[in-house]
Amino acid sequence: MVTIASSERNERKRTTNPILKFISKIPWTWVITFTYLAFLLILPIASLITKAASEPFDSFWKTATSPLALSSYEITFVTAFAAAAINGIFGTLIAWVIVRYNFFGKRFLEAVVDLPFALPTAVAGLTLATVYSDNGWLGSLLAPLGIKVAFSRLGVFVAMTFISLPFIVRTVQPVLTDLEKEIEEAAWSLGASQIQTFIKVILPPLTPSILTGIALGFSRAVGEYGSTVIIASNTPFKDLITPILIFQRLEQYDYVGATVIGVVMLAISFVSLLAINLLQAWSRKYG
């Protein structure tokens, strides 16, 4: 009797406790999702931030704003954004060709577009360095013009463009597939030219997907290491990107310095992606 009464009291406490009552109403899918994200993303990021925060502010600021670090930030983020923006244009064009036209070799083209997904980044860097070197197939044609690709910042741009292209194509392609051809035909019947139809009818629903692809390509390019470390000379103030600088700090057993630069890179990446996502939300609302 005492045991039964005690269990009933405990049951009443659980049902009247607002915290336990709230927890009991959380769907199990949410619990799995947040647990997975906690172990995969939140805890590693929190550990990185905590490690950097243990450093005195003066030392943190000196490391984060050193001339070498500032140069690597500029090279990394400006080059990654340029690569993502270029792919935003040509990736949309490639998606348009794949969706709107039937031609011999179409499946081959789609496989080539997806190649950077499957190709190891070190192999991609080795391939690009071979092709764009002064003696390579393309590099030998550009060298007489004074254009040096391999072992330069332009090589970093080419590598980032190469590995980020599929994100734009595969993000835009499904939206293009779902667009109704009748809407374009209606615009033509009302006297709109093909350019006017594209700008006023096709581009607005495509803009959010293009921005999403640019954001994905940008984030992929910012974190690229394997291909850029091969095609670039990794010279400070020339073509040294932040991921390689972090690795160099780790090789020098400067774990705190690597962590500080990593936190700064994390913050800049987060702000950049947040801005792109806000622009995407704005385009969906007012586009």
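Which feature does UniProt place at residues 73–276? The UniProt record, an unreviewed entry, places "domain: ABC transmembrane type-1" there. UniProt positions follow the numbering used here, feature names are shortened, and annotations may be inferred rather than shown by experiment.

This is a predicted model: local features need pLDDT of at least 70, side-chain atom pairs count only at pLDDT 80 or more, and totals for chains, interfaces and linings use all residues. Residues are numbered from 1 along each chain as its sequence is written, and side-chain values use heavy atoms, with hydrogens and water left out.

**View 1. The whole protein is built from helices.**
The protein has 14 helices and zero strands. Helices (H or I, at least four residues) and strands (E, at least two) are DSSP runs, numbered from the N terminus. The C-alpha atoms fill a box of roughly 95 × 65 × 35 Å along the principal axes. The radius of gyration is 25 Å, whereas a compact globule of 287 residues would have one near 19 Å. That radius is taken over C-alpha atoms, and the globule rule is 2.2 Å times the number of residues to the power 0.38. Of contacts between residues at least 6 apart in sequence, 73% join residues at least 24 apart. A contact means heavy atoms within 4.5 Å.

**View 2. The annotated domain spans residues 73–276.**
Over this stretch the chain is 77% helix and 0% strand. Its end C-alpha atoms are 18 Å apart.

**View 3. A nonpolar patch lies on the surface.**
Its members include Trp30, Phe34, Tyr36, Leu41 and Leu266. Together the patch residues have about 970 Å² of accessible area. Such areas come from the Shrake-Rupley method with a 1.4 Å probe; for residues, only the protein chains shown count as cover. Patches take residues with over 30% relative accessible area and no salt bridge; like charges are joined within 9 Å, nonpolar side chains (Val, Leu, Ile, Met, Phe, Trp, Tyr) within 5 Å. Helix α3 (residues 28–53) gives the most to the patch, with nine residues. Leu41 sits in helix α3. Leu41 is partly exposed, at 44% relative accessible area. Buried means under 20%, exposed over 50%, and partly exposed in between (1.4 Å probe, protein chains only).

**View 4. Glu74 and Arg153 form a salt bridge.**
Side chains of opposite charge can pair when their charged atoms come close. A salt bridge is a side-chain nitrogen of Lys or Arg within 4 Å of a carboxyl oxygen of Asp or Glu. In the Glu74–Arg153 pair, the closest N and O atoms are 3.1 Å apart. Glu74 lies in helix α5 (residues 67–100) and Arg153 in helix α9 (residues 153–178), so the pair ties together parts 79 residues apart in sequence. Glu74 is partly exposed at 38% relative accessibility. Arg153 is also partly exposed, at 27%.

**View 5. Arg220 meets Glu224 in a salt bridge.**
The N to O distance is 2.5 Å. Glu224 is buried, at 1%.

**View 6. Arg249 pairs with Asp254.**
This salt bridge is 3.2 Å from N to O. Arg249 is buried, with a relative accessible area of 14%. Asp254 is partly exposed, at 27%. Elsewhere, salt bridges that share partners join Arg107, Glu110, Asp114 and Arg170 into one network.
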